[in-house]
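Biologist: I'd like to learn how to read a model like this one. Could you walk me through it, feature by feature?

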Amino acid sequence: TLAGVPGQACHGCPAMVSAVFLKKEKRALKPVGFHDDFIETGSSGDLNGIKPARFGASDGAVIEGGGTFQGQEFSVIEPFLIRDERMKPIGPEGGIPLASSDCGAKEEGEPCREIRGRWRTEERRLHIRYLGRRDDGTKVDATAIYELRDERLSLVSGGDIAAEMRGYRP
């Protein structure tokens, strides 16, 4: 991150994420490319994680960011393909909501929302399974599926849960 010391940068400032592309030469790794500041995400100069991913035959990465403000917690994932030593966003714009909770803003014993998603890729698809509960106590167990088409992710299944999660965005 370039926003300062992770977790200690200004409150609400995103992490600036850069990529370095390496090539193995004999027993050493040699930098062969850089993509500075390809995404801003998270808060307080921090992000939740970066994981490698494959979309069909393409290498990529999924970056998770989010934050907490006055007991409201939210996180999104932002998928990328690696193209010509650059990180290419494959959408959707603003990322895909992964988790939402308002439990920290509620009094103890008061109903609250706590929904968490887990993602995985399978061929050209990104699957997100959401589990948890809504404010009214109803359970959430739903899956949204996005498919890579023309180097963009398109929602192909689970439109209701995807719309619900987008509605919780701060």
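Biologist: Let's begin with contacts. Not counting residues up to four places away in sequence, which residues does Gly 95 touch?

Modeller: Keep in mind that this is a predicted model. Leaving out residues up to four places away in sequence, Gly 95 touches Ile 77, Glu 78 and Arg 169. Gly 95 itself is found in the loop between β6 (86-89) and β7.

Biologist: And is Gly 95 buried or exposed?

Modeller: The idea is to compare the relative accessible area with a cut-off: buried means under 20%. Gly 95 has 6%, so Gly 95 is buried.

Biologist: What about Asp 102: where does that residue sit, and what is in contact with it beyond its neighbours within four places in sequence?

Modeller: Asp 102 is in the loop between β7 (96-101) and β8 (114-122). With those neighbours set aside, its contacts are Gly 71, Gln 72, Cys 112, Arg 113 and Asp 135. Asp 102 counts as buried because its relative accessibility is 5%.

Biologist: Now for rings with rings. How many aromatic pairs does the structure hold, and how do I read one?

Modeller: A pair of aromatic rings is described by the distance of the centres and the angle of the planes. Here there is 1 aromatic pair. The partners are Phe 38 and Phe 80, with centres 5.1 Å apart and planes at 85°, so we call the pair edge-to-face.

Biologist: Which parts of the chain does that pair tie together?

Modeller: Phe 38 lies in strand β2 (residues 28-41) and Phe 80 in strand β5 (residues 72-83), so the pair ties together parts 42 residues apart in sequence. Phe 38 counts as buried at 15% relative accessibility, and Phe 80 is buried as well, at 3%.

Biologist: Last one, pockets. How much space lies in the largest pocket, and which residues are nearest its centre?

Modeller: I'd look at the volume, then at the lining. The largest pocket holds about 380 Å³ of space. Its lining has 21 residues, and those nearest the centre are Gly 66, Gly 67, Thr 68, Phe 74 and Pro 170.

Biologist: What about the strands and the residue classes in that lining?

Modeller: β4 (58-69), β5 and β7 each supply at least two lining residues. By class, the lining splits into 5 nonpolar, 12 polar and 4 charged residues.

Methods. Residues are numbered from 1 along each chain as its sequence is written. This is a predicted model: local features need pLDDT of at least 70, side-chain atom pairs count only at pLDDT 80 or more; totals for chains, interfaces and linings use all residues. Side-chain values use heavy atoms; hydrogens and water are left out. Buried means under 20% relative accessible area, exposed over 50%, partly exposed in between (1.4 Å probe, protein chains only). Contact means heavy atoms within 4.5 Å. Rings of Phe, Tyr and Trp (its six-membered ring) pair if their centres lie within 6.5 Å; planes under 30 degrees apart count as stacked, over 60 as edge-to-face and the rest as tilted. On a 1 Å grid over the protein atoms alone, a cavity is a set of points where a 1.4 Å probe fits but cannot get out, and a pocket is an open set with protein on both sides within 12 Å along at least five of seven lines; lining residues have an atom within 4 Å of a point. Grid points are joined across faces, edges and corners, and a volume is the space filled by probe spheres set on the points. Ala, Val, Leu, Ile, Met, Phe, Trp, Tyr, Cys and Pro count as nonpolar, Asp, Glu, Lys and Arg as charged, and the others, Gly among them, as polar.
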